[in-house]
Amino acid sequence: MSARPFLAAGDLAPAYDLAVVGAGPAGLAAATAAAGAGASTLVIDEAAGPGGQMYRAITRIDPEVFRFLGPDYWGGLALARAFQASGAGYAPGATAWSLAGDGSGLELGVALGGEARLLRARRVILATGALERPMPVPGWTLPGVMMAGAGQIALKSAGLVPEGQVVLAGCGPLLYLLATQLLAAGARVAALLDTTDPGQWRKAAPHLPAFLGSGYLLKGLRLLFKLETSVRVVRGVTGLQALGDGRVQQVRFRTARGWSAMAADLLFLHQGMAPEVHLAGAAGCGLEWNERQRAFQPVLEGDGRTTVPGISVAGDGAGIGGAAVAELSGRLAALDALDAIGALDPGRARLREPLRQSLRRLRRCRPLLDILYRPADAFRVPADDETTVCRCEEVRAGQIRAAIALGVPGPNQLKTFLRCGMGPCQGRLCALTVTEMLAAARRADPQAVGGFRLRAPVKPVTLGALASLPAGPDAYFAVTGELPPG
């Protein structure tokens, strides 16, 4: 039996045992496990095909042509094919815009094919993945400046290889991976400007023994060796600017030797990932600040259960761990959901502890990576008042500091002053920067500062789609003042 794709909202069933939001490693693993146990399962995802960001477009591109993406990428093909053969319902190109519980179950708002529906689910697993951490440096809004994830999307979805001189700046595994993929694809990578603080090595050292047992050491060494022998790597970068007339033409960077510059036709930025928590937060799930990862994540217990009954989170949306961790956590969340609805047989129940053990082993690498690649303060809290923080509403760092000086107590009050976080991205590109700026100014814990209040709809949805929601007698009377005909 193959996964059943739905292309119109009217094709969706009114209720499911399990709804999974996201078709990355965690979502695919969760849906495959649940559907294999006989639970009616629906996967909702915004992309046109399964895979998420890590395995984007993996079922529709040629492994021979796209060999440059590397073995880690193509290792996800088996997972995607297992999902396609699982019998789970699948809604590609769909947006999950609301999630709420009413005591008798969960109600999920879905927009698909220009229409919207409210679906019932006994359990919901959020596998929404991660967002790139904002890196607000002067000039980061110039055309030709992109986040590393955008570069990967272009490579994976269309095989687009950038022309001209490419510069990468920031820190973390994804930046180094993108550099090697660009090189393998034939791009001209002029330099990698590494903003990793050398002092973090000393702080990360106590976690080296645990990292050695995680299985990631050899892979990381190979990646770094390839970069060192192929690209100019500038370490100890403490300042960064993108300059140009109408588009990026030059990158200035500061090291212990002072400021230097180089020509650039394209600049990729990256300084780590943060969990995508918008839907979880809007559903009322408790969020907490992860000090090591410098981001908010859901409060979880057991195998991914949140503070809202029936809602679980798996994958990077629960805390950054990578594709292998996401896949295991997705399977565990599915087994937990099956247990909750009384559909977990003894054979599958015995899989839980081995999965937990594997998950603990893989997570051993995170403390070292989180500490080593902790984004420097200068790249999280922009010093230049002219640097744009909120790209949607064009709010600059100086405006935010001026509002803070007036006594703005938190991000949501700041939003009313400046509209910061009220644009189409709904704070996804500025929320962490705003929280960090407030925390720095108040010398407070980011947990106490908090983030933007999250509300449905968590993604833009058209009025036309909302108007297509089936209307019951109460809704008809509320709008027309009359009882529906018939």
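## Close-up views of a predicted model

**View 1. The S14–S15 hairpin.** Strands S14 and S15 are connected by a hairpin of 2 residues. This is a predicted model, in which local features need pLDDT of at least 70, side-chain atom pairs count only at pLDDT 80 or more, and totals for chains, interfaces and linings use all residues. Residues are numbered from 1 along each chain as its sequence is written, and side-chain values use heavy atoms, with hydrogens and water left out. S14 and S15 run antiparallel, joined by 6 bridges. Two strands count as paired if DSSP finds at least two bridges between them. Helices (H or I, at least four residues) and strands (E, at least two) are DSSP runs numbered from the N terminus. Arginine 254 has tryptophan 259 of S15 as its bridge partner.

**View 2. The three-stranded sheet.** The open sheet has the order S13-S14-S15, with antiparallel pairing. Strands S13 (239–243) and S15 (258–263) are at the edges; each has a single partner strand, so one side of each lacks a neighbour in the sheet. The twist averages 20° from one strand to the next, with axes fitted to C-alpha atoms and angles from 0 to 180 degrees between N-to-C directions.

**View 3. S13 against S14.** S13 and S14 (residues 250–255) pair antiparallel over 5 bridges. Glutamine 241 stands opposite arginine 252, and alanine 242 stands opposite valine 251. Their hairpin has 6 residues between the strands, and glycine 246 in it takes a positive phi near 90°.

**View 4. The largest nonpolar core.** This core has 59 residues, and those with the most contacts inside it include Leu69, Trp74 and Leu168. Helix H1 (residues 25–36) gives the most to this core, with 7 residues. A nonpolar core is a set of buried Ala, Val, Leu, Ile, Met, Phe, Trp, Tyr and Cys residues joined through side-chain atoms within 4.5 Å. Beyond its neighbours within four places in sequence, leucine 168 is in contact (heavy atoms within 4.5 Å) with residues including Leu175, Leu182, Leu192 and Phe268. A second, separate core of 29 residues includes Leu42, Ala121, Val124 and Val313.

Methods. Buried means under 20% relative accessible area, exposed over 50%, partly exposed in between (1.4 Å probe, protein chains only).
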